[in-house]
Amino acid sequence: IGDGFFIGPKIQIRPSDNIVWIDSAGEFQMPTAALPTGLAGEPNENIRWTKPPHCRWLGQMLFDGRTAVLSEGVDITASLMNGKEPWDLHMTGDRLQIDLLNDVAVKDMKAMRGASIQRVALMQAENRPVMVQALRRSADGVLESKHLIHAEQLVLTPAGGGQIVGAGPGWYRGWMVPGN
């Protein structure tokens, strides 16, 4: 799927049912082409993904041509450049749901490569809260800020310019080097 991929002990692709299913723990990398290149409210395309979101799950992954659901413990890492600022992201939760803008046929690789993400939701369970850590470093790698978010659910809308909404209750903590 472009530069995206699935990894699992057994990947079931059922073109007649339009399903991709991994019934146990596995990994998935989101295709760079489907990711936002700018932030909400900013007209410039200033985001470059240096490491596209890489998702690991402990339960299963099911993709039905429109929605992918990863369950029972999700761990996501990514790195990007926002202008000249490097950021490292780490997110955890119980369940991840990725909704595409349009249905795609799993047997049509061209359509799969061109898929666009409408919405990504990371949800909690009682024993797996949604936690997000974002680290911003200087050009020489020195940590300049650290942001921590806890929420019941976190929703990213790439089609909306990369807007992120956290449904509460929750909290935010941030540490920044003065002057940055």
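Predicted model: local features only at pLDDT ≥ 70, side-chain atom pairs only at ≥ 80, totals over all residues.

Mentor: Start with the term. A salt bridge is a side-chain nitrogen of Lys or Arg within 4 Å of a carboxyl oxygen of Asp or Glu. Side chains of opposite charge can pair when their charged atoms come close. Residues are numbered from 1 along each chain as its sequence is written, and side-chain values use heavy atoms, with hydrogens and water left out.

Trainee: How many salt bridges does the structure hold?

Mentor: Six. Take D103 and R66 as one of them; their closest N and O atoms are 3.4 Å apart. This pair ties together distant parts of the chain, 37 residues apart: D103 is in the loop between β10 and α1 (109–113), and R66 is in the loop between β6 (61–63) and β7 (67–70). Those labels come from DSSP runs: helices are H or I of at least four residues, strands are E of at least two, and both are numbered from the N terminus.

Trainee: Is D103 buried or exposed?

Mentor: Learn the scale before the case. Buried means under 20% relative accessible area, exposed means over 50%, and partly exposed lies in between (1.4 Å probe, protein chains only). D103 has 56% relative accessibility, so it counts as exposed. R66 has 30%, so R66 counts as partly exposed.

Trainee: Which residue forms a salt bridge with R136?

Mentor: E85 does, with the closest N and O atoms 3.9 Å apart. Here too distant parts of the chain are linked: R136 sits in strand β12 (residues 130–137), E85 in strand β9 (residues 85–93), 51 residues apart. R136 is buried, at 8% relative accessibility, while E85 is partly exposed, at 32%.

Trainee: And which residue pairs with D88?

Mentor: R137, where the closest N and O atoms are 3.3 Å apart. D88 lies in β9 and R137 in β12, 49 residues apart, which again links distant parts of the chain. Both ends are partly exposed: D88 at 29% and R137 at 28%. There is a network as well: salt bridges with shared partners join E85, R136 and E144.

Trainee: Now the strands. How do I read a pairing?

Mentor: Count bridges. Two strands pair if DSSP finds at least two bridges between them. Strand β10 (residues 95–100) joins β11 through six bridges and runs antiparallel to β11. L100 has I117 of β11 as its bridge partner.

Trainee: What does a hairpin look like here?

Mentor: Look at β2 and β3, with four residues between them; N18 in the turn has a positive phi of about 55 degrees. These two strands pair in the antiparallel sense over four bridges. R14 lies in β2 (residues 11–14), and its bridge partner in β3 is I19.

Trainee: What does R14 touch?

Mentor: Contact means heavy atoms within 4.5 Å. Leaving out residues up to four places away in sequence, R14 touches I19, W21 and V106. R14 is partly exposed, at 31% relative accessibility.

Trainee: How many helices and strands are in the protein?

Mentor: One helix and 16 strands. Of its 180 residues, 42% count as buried. Among contacts with a separation of 6 or more, 55% come from residues 24 or more positions apart.

Trainee: What is the radius of gyration?

Mentor: It is taken over C-alpha atoms, and the globule rule is 2.2 Å times the number of residues to the power 0.38. For 180 residues a compact globule would be near 16 Å; the protein has 17 Å, which agrees. Along the principal axes, the C-alpha atoms fill a box of roughly 55 × 35 × 25 Å.
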